[in-house]
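Me: I have a model open on my screen and would like to understand the labels attached to it. Could you take me through them?

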Amino acid sequence: MPELTPVVVVMYVGLVVAVITDLREAKIRNWTTFPMMVMGLAINASMGGWEGLTMSLYGLLVAFAIYFPLAMFGAFAPGDGKLMMGCGALMGTAFMIEATFASLILFLPVGFFLLLISGRLGSFKHAVLWTYRRYMLGHLDAEKPEAKLWPFGLMLIVGVLTASLTDWFDVIS
């Protein structure tokens, strides 16, 4: 388990709140994610000076660069991406990338299996085709599919916890 520094405590509290709201409302609220971002920047700046602030800002910006386009394409809700931006601001770029890989490795097969057994694989196919038609072919009038096929935020949260509690990628020391 990582040392319980202020940024780790803030991240864990934010993750608990995100799990609760994602399960109850299928949303991760701004009042959870924006304080994570601000506190990440502030705590890292106060503990590490300019170097800490830069590390935190890079983590936030890299998370934005990865997750904003995915949210715009309808891969998941924007709150999921903002949660990762909060984690990036708190823990930095390397951790955020490690958490992203952990989420993908752990849950792409699980997500595919859940779609398969729930009979929603066709919905996923429709979402992929809609994205292709809208953004690659410019068919702006294509019927938009269901925006969220499963609570992806939970998958990201488990990836973040996996990255913080293991040394799979040995990025965080």
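This is a predicted model: local features need pLDDT of at least 70, side-chain atom pairs count only at pLDDT 80 or more; totals for chains, interfaces and linings use all residues.

Me: Which helices have the lowest and the highest mean pLDDT?

Reply: Among the elements of the chain, helix 5 (residues 121–136) is lowest with a mean of 69, while helix 2 (residues 30–72) is highest with 94.

Me: What makes the nonpolar surface patch of about 450 Å²?

Reply: Leu-104 again, together with Ile-97, Phe-101, Ile-105 and Leu-108. Residues in a patch need over 30% relative accessible area, and Leu-104 has 35%.

Me: How do you know that the span of helix 3 agrees with its number of residues?

Reply: The expected span is 1.5 Å times one less than the number of residues. For the 14 residues of helix 3 (residues 78–91) that should be 20 Å, and the end C-alpha atoms are 20 Å apart, so the two agree. Helix 3 is also mostly covered, with 13 of its 14 residues buried. After helix 3 comes Gly-92, with a positive phi near 100°.

Me: And how does helix 2 compare with a straight helix of 43 residues?

Reply: The straight helix would span 63 Å, but helix 2 spans only 17 Å between its end C-alpha atoms. Helix 2 has a kink of about 150°, centred on Gly-48.

Key. Residues are numbered from 1 along each chain as its sequence is written. Side-chain values use heavy atoms; hydrogens and water are left out. pLDDT is the predictor's confidence in each residue, from 0 to 100. Helices (H or I, at least four residues) and strands (E, at least two) are DSSP runs, numbered from the N terminus. Patches are made of residues with over 30% relative accessible area and no salt bridge: like charges are joined within 9 Å, nonpolar side chains (Val, Leu, Ile, Met, Phe, Trp, Tyr) within 5 Å. Accessible areas come from the Shrake-Rupley method with a 1.4 Å probe; for residues, only the protein chains shown count as cover. A salt bridge is a side-chain nitrogen of Lys or Arg within 4 Å of a carboxyl oxygen of Asp or Glu. Buried means under 20% relative accessible area, exposed over 50%, partly exposed in between (1.4 Å probe, protein chains only). The bend at a residue is the angle between axes fitted to the seven residues ending there and the seven starting there.
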